[in-house]
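Student: Take me through one part of this model closely. I would like the sheet and what surrounds it.

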Amino acid sequence: MNAANAANTANTVNAPGAPDPSDTTDAAAALARAHSEDWARVVAALAKRFGDLDVAEEAAAEAFATAVERWPAHGVPPNPGAWLTTTAHNKAVDRLRRESKRDQKHKEAQMWNDAPQEPVGVVEDERLRLIFTCAHPALAMDARVALTLRMLGGLTVAEIARAFLVTEAAMGRRITRAKSKIKVARIPYRVPAAEDLPRRVSGVLAVLFLVFNEGYLATGPDTDPLRPALTAEAIRLTRLIRTLLPHDGEVTGLLALMLLTEARQKARVSATGELVTLGEQDRGSWDAALIAEGHRLVRERLDSGAAPGRYQLLAAINAVHTSARDVRDTDWSQVVALYDQLVRVDPSPVVALNRAIAVAELDGPDVALAAVDRLSEQLAGYHLFHATRADLLRRLGRSEEARAAYDRALELAGNPGEIAHLTRRRDQLN
Amino acid sequence: MQYLVSVITDQPGLATPEEQAAITAFNTRLKADGNWVFAAGLAGPDLSTVIDNRGADAVVTDGPFLESKEFLIGFWVMEAPDLDAVLELAAAGSKACNRKLEVRPIL
């Protein structure tokens, strides 16, 4: 298992853009690349063949461990993906023989494996089946997240545990329980029927958005360096789903939203670890390549003419923000118009709060404050409600009320970067 | 594969005539499609009796072994190829009997 960990660590450090293994003798780079590109494919092919996620996961881990030992000494095989799939397949067969449960397992495999035998690793949408199984609505949300990161992302249980601040044993139990439910309750290993697809895809996207936000929101001086890796992993998996479901507008929307958010990551936290608001960020340090890609995806959705869903609207709002070289150049009427559309799709109080923040720029803080105060009952326990009120009251010169609102926001805030920002703002009041 | 589909309620009392008609129609469909194994409605927990004969004497007590706000009031045993299939049936069943259902695989 140590060797498998090494492969995973290499992947985490060196995920995208690793050199083509045919151009290099660097086995570590080839391993990192194979892990990033082939892990999910190997697990999915084995899950299909053996009808057992446990067998698939362990055999894939063993195959990568073998590669860690062999490739540096014997050279990288000409087709690393095929080598890994074959090796993993042999490991799985060995394991089933060893456990001498072959007959029983094969019987179970037959029940899943109703399609004729295809060459392993050829069928592209096996990864898609795996995604829908891992993100099945009959599993608890935290289990879906963990299982998706393990089976699709290839993160180790230890890495997932660290990212979600739980012990490795607790995370191991969470994943084992989910795998056991899939097997015993017979959660099917297949892409849902067309009529269920939009609902099920939105379940998959919810898992990926949660992974992304987990990495994004908690970034701060005291958090584990692995947490930002979650945003990269969420983007990678969303890219994968976009390859598999290229015509789903919400998949494209979520990818664009993640890219446009990730692009501002560096500007979001100051050298002292304080959170920097959108208006105060150094826009020169935004990632131009990510923004260009995000804008291209948003344009693609606009050109489609189809009615946008939640993620597409959020991506469009972020596209407006990232189009302004200076915060004063922001097209606030466009932002408010997009929020108006979003409120119709998602009438939650948090969306209404964000709309009010844009309204403050368009119609003034007094109009925005009236809108915010209408949410006071629903959002009383939400720190950003109080932080938004505090900011609007400050801009209206109502310092005493602003101070009380900052105090309430600080009581409820958990992120150290946000606390530093709110404290400074409160202490600037006269 | 068989699943136990339990009917959960917090309201004592029988199904209304409309609910009963919908349940009968649902059961007819289950039988026609080969998903029917068995089904039954139960008396409420106030009519239950617990017996424990693990010791020297059989001890009989009145009342349910677990007191809770929600309780079991009926069940189906359904035959279905996988969880998605039985969940689809259970969704229709929940609508028919107008109550929450819990689905569990039978081992």
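Tutor: B:Ala40 stands opposite B:Phe75 in β5(B). The model is predicted: local features need pLDDT of at least 70, side-chain atom pairs count only at pLDDT 80 or more, and totals for chains, interfaces and linings use all residues. Residues are numbered from 1 along each chain as its sequence is written, chains are lettered from A and ligands numbered from 1 in the order written, and side-chain values use heavy atoms, without hydrogens and water.

β2(B) pairs with strand β5 (residues 71-79) of chain B in the antiparallel sense over 5 bridges. Pairing requires at least two DSSP bridges between two strands. Strands are DSSP runs of E, at least two residues; helices are runs of H or I, at least four; both are numbered from the N terminus.

The open sheet has 4 strands in the order β2-β5-β1-β6 (chain B), with antiparallel pairing. β2 (36-41) and β6 (100-105) of chain B are the edges; each has a single partner strand, so one side of each is left without a neighbour in the sheet. From one strand to the next, the twist averages 20°.

Now the helix. α2 (residues 83-97) of chain B lies across β1 (2-9), β5 and β6 of chain B, and runs at about 155° to β6(B). Axes are lines fitted to C-alpha atoms, for helices over the stretch in contact (heavy atoms within 4.5 Å). Angles run from 0 to 180 degrees between N-to-C directions.

Chain A comes in as well. The side chains of B:Asp84 and A:Arg200 meet in a salt bridge at 3.6 Å, N to O. The term needs a side-chain nitrogen of Lys or Arg within 4 Å of a carboxyl oxygen of Asp or Glu. Between chain A and chain B the count is 2 salt bridges.
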